[in-house]
Amino acid sequence: MWKRAVSLSSLISSSKSTSLHQLTYGAKIWKSLATENCTPVKYTTSVEEKSPFITFVLGGPGSGKGTQCLKIAENFGLTHLSAGDLLRRELLSDSEYGAMILKTIQEGKIVPSEVTVKLIKKELESSDSNKFLIDGFPRSDENRIAFEKIVGVEPNMVLFFDCPEEEMVKRVLNRNEGRVDDNIDTFKERLKVFSAVSLPVIGYYSKKGKLRKINAVGSVDDIFEQVRTIFTTCEALK
């Protein structure tokens, strides 16, 4: 069982709210996406233990990241944690957060970072695994900073499933999973939120050399071949 041994230092700055500058910055990142091999997390523990291997998985609603995560988990032995699924499970559990999470999802907004991170941290600490895919997270710089502060580590790498808006719309409206956020109005709001707050996160990890961009158009198997190459060549998994 992996558990955090120390907290991240106070050098992490507090997050800022999304601004027009962030939106402009986010739109510029597409030309500079990193392609280097994944790098190990650098942090110090007070005891001898193997550092966890953590991959964040990002992409717009309907980009296919959840489907690909299942294939990654099956083929490479990583434990798949979906931030959205954890929130929906909490929603159904009659916990103190349930009503707030339902209202937030229905409005297409982002659940407070502290809530999401605490749910993820609980799963990390209770798992026997040391290799994780965290799907649909972080969705904002606030999410990212909260994770680093509360959990105390950074990801080894970040997958970004790049998918055109029209393709995402088609997939979301056709998947018929009975989710409260699978309707055209909520989808459009979710897409606006993703564009506004997630692109700066993608830019941040691109600058750090941790971002891997996946062309998320095509068959599930064709897309997975891109993913397979990344994980097969990742030294941290060998």
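**Figure 1. Contacts along the protein chain and its overall make-up in a predicted model.** Among contacts (heavy atoms within 4.5 Å) in the protein chain with a separation of 6 or more, 81% join residues 24 or more positions apart. The secondary structure comprises ten helices and five strands, taken as DSSP runs numbered from the N terminus, with helices being H or I of at least four residues and strands being E of at least two. Of the 238 residues in the protein chain, 47% are buried, where buried means under 20% relative accessible area, exposed over 50% and partly exposed in between, with a 1.4 Å probe and protein chains only. The accessible surface comes to about 12300 Å², and 51% of this belongs to carbon and sulfur atoms; areas come from the Shrake-Rupley method with a 1.4 Å probe, and for residues only the protein chains shown count as cover. Residues are numbered from 1 along each chain as its sequence is written, and side-chain values use heavy atoms, with hydrogens and water left out. Because the model is predicted, local features need pLDDT of at least 70 and side-chain atom pairs count only at pLDDT 80 or more, while totals for chains, interfaces and linings use all residues.

Figure 2. Of the 25 residues that line the largest cavity, Lys109, Ile110, Gly136, Arg139 and Arg190 are the closest to its centre. A cavity here is a set of points, on a 1 Å grid over the protein atoms alone, where a 1.4 Å probe fits but cannot get out, and lining residues have an atom within 4 Å of a point; grid points are joined across faces, edges and corners, and the volume is the space filled by probe spheres set on the points. Strand E1 (53–59), helix H3 (83–91) and helix H8 (184–197) each supply at least two lining residues, with H3 giving the most, four residues.

**Figure 3. Asparagine 143 in helix H6.** Asparagine 143 lies in helix H6, residues 141–150, and counts as buried at 2% relative accessibility. Leaving aside neighbours within four places in sequence, asparagine 143 is in contact with Ile110, Ser113, Val117, Phe137 and Pro138.

Figure 4. The whole structure has zero disulfides, a disulfide being a pair of cysteine sulfur atoms within 2.5 Å.

Definitions and conventions: On a 1 Å grid over the protein atoms alone, a cavity is a set of points where a 1.4 Å probe fits but cannot get out, and a pocket is an open set with protein on both sides within 12 Å along at least five of seven lines; lining residues have an atom within 4 Å of a point.
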